[in-house]
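Me: I have a model open and want to go through it with you. Can you take my questions as they come?

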Amino acid sequence: MRFILIMLGICCLLQSNGQEYVPFISTQDSSDTWSEIVHCIDQECFITTRTSYSIDGDTIINELEYSKVLLFLERIEEPMEGGTCEADTLSYFSHYYMREENKRIYVIISFFNESLSYDFNLSVGDTVPNPALGPSNEDARIIDAIDEIEINGTIRQQFHLSGGAYIIEGIGASTGLFSRVSEENGCSSEMTCYQEEGTTFHFNSDCDFYLNVEEELAPALERELIKIVNLQGQEVEPQPNQILIYLYSDGSAEKKVYIE
């Protein structure tokens with residue numbers, strides 16, 4: 001009987017000290033900020049894309065509550081030696097929509113359907129979803145090991161992937177919040193900063209990138225989209241992997257490209 005009581009006590013102690021799941025978004029007025037950078041090389045251009053994400057309230061889509069993720073992106077294209085592409089810079093803002101259910105992160109990006117971006121219920125040997133929400137090398141997304149890391153006073157699970165990247169509970173992938181977790185098609189990416197309440201806790205380089213983006217964009221966020229046209233001026237439906245021009249009610253226009 002004494003042995004049974006001791007074993008029950010040990011089990012209770014283990015349960016009481018068990019790790020508590022750390023969500024991506026604790027409240028809808030979350031101050032979390034992520035920054036990432038993607039480098040791509042093709043036969044003509046060096047392409048650098050820097051992106052900042054922050055929480056911008058919430059909304060209802062298809063009767064489900066989502067956090068609005070404000071994205072600010074700067075894409076710089078520079079010709080390689082002998083290349084024929086023209087130097088160009090695209091910068092724009094947009095919203096993604098993210099919700100969390102049963103330790104899974106679902107995301108709506110632009111005009112696409114909801115996709116699973118992260119799943120923290122997985123075990124060693126499982127294949128994680130692709131945070132970029134598109135085709136990706138599955139061999140690089142296999143979980144090799146799971147351990148724990150302390151960040152901001154909380155213990156979080158850390159998933160080590162076969163391609164060398166890792167994913168941290170409540171933060172995202174070392175390759176970026178919504179980027180591929182492996183180098184593909186001449187592109188590589190990294191998470192450069194993660195902050196809570198203005199304090200950097202992980203990926204602590206380049207943390208000043210667009211931290212005041214909400215203030216800079218506040219007037220522009222009130223405008224309405226009128227139509228979308230291609231580079232020939234023809235009105236089109238939104239589509240990935242093409243440069244399109246978005247025309248707004250205040251007379252402004254922006255070049256945008258959504259990478260799939």
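Reply: What follows goes from the whole chain to its sheets and aromatic rings.

Me: What should I know about the source first?
Reply: This is a predicted model, where local features need pLDDT of at least 70 and side-chain atom pairs count only at pLDDT 80 or more, while totals for chains, interfaces and linings use all residues. Residues are numbered from 1 along each chain as its sequence is written, and side-chain values use heavy atoms, with hydrogens and water left out.

Me: How many helices and strands in the protein chain?
Reply: There are 2 helices and 15 strands. Both are DSSP runs numbered from the N terminus: H or I of at least four residues for helices, E of at least two for strands.

Me: And what share of the residues is buried?
Reply: Of the 260 residues in the protein chain, 43% are buried. Buried means under 20% relative accessible area, exposed means over 50%, and partly exposed is in between (1.4 Å probe, protein chains only).

Me: Sheets next. What is the strand order in the open sheet of 4 strands?
Reply: The order is β7-β8-β9-β10, with antiparallel pairing. β7 (143-151) and β10 (172-173) are the edge strands, each pairing on one side only. Two strands pair if DSSP finds at least two bridges between them.

Me: How many bridges between β9 and β10?
Reply: Strand β9 (residues 166-168) pairs with β10 over 2 bridges, in the antiparallel sense. Ile168 stands opposite Gly172 in β10.

Me: What about the open sheet of 3 strands?
Reply: That one runs β13-β14-β15, again with antiparallel pairing. Its edge strands are β13 (225-229) and β15 (253-256). The twist averages 25° from one strand to the next, with axes fitted as lines to C-alpha atoms (for helices over the stretch in contact) and angles running from 0 to 180 degrees between N-to-C directions.

Me: Which residue is opposite Leu225?
Reply: Tyr248 in β14. Strand β14 (residues 244-248) and β13 pair over 4 bridges, in the antiparallel sense.

Me: Changing topic: how many aromatic pairs?
Reply: The structure holds 9. Rings of Phe, Tyr and Trp (its six-membered ring) pair if their centres lie within 6.5 Å; planes under 30 degrees apart count as stacked, over 60 as edge-to-face and the rest as tilted. One of the pairs is Phe24 with Tyr118, tilted at 5.3 Å centre to centre and 40° between the planes.

Me: Where do those two sit in the chain?
Reply: Phe24 is in the loop between α1 (2-16) and β1 (33-41), and Tyr118 is in strand β6 (residues 115-119), 94 residues apart. Phe24 counts as buried because its relative accessibility is 1%, and Tyr118 does so at 2%.

Me: What kind of pair is Tyr96 with Phe178?
Reply: Edge-to-face, at 5.5 Å centre to centre and 65° between the planes. Tyr96 lies in strand β4 (residues 88-101) and Phe178 in the loop between β10 and β11 (187-196), 82 residues apart. Tyr96 counts as buried at 10% relative accessibility, as does Phe178 at 8%.

Me: Which residues form the aromatic cluster?
Reply: Tyr21, Phe24, Tyr118, Phe120 and Phe159.
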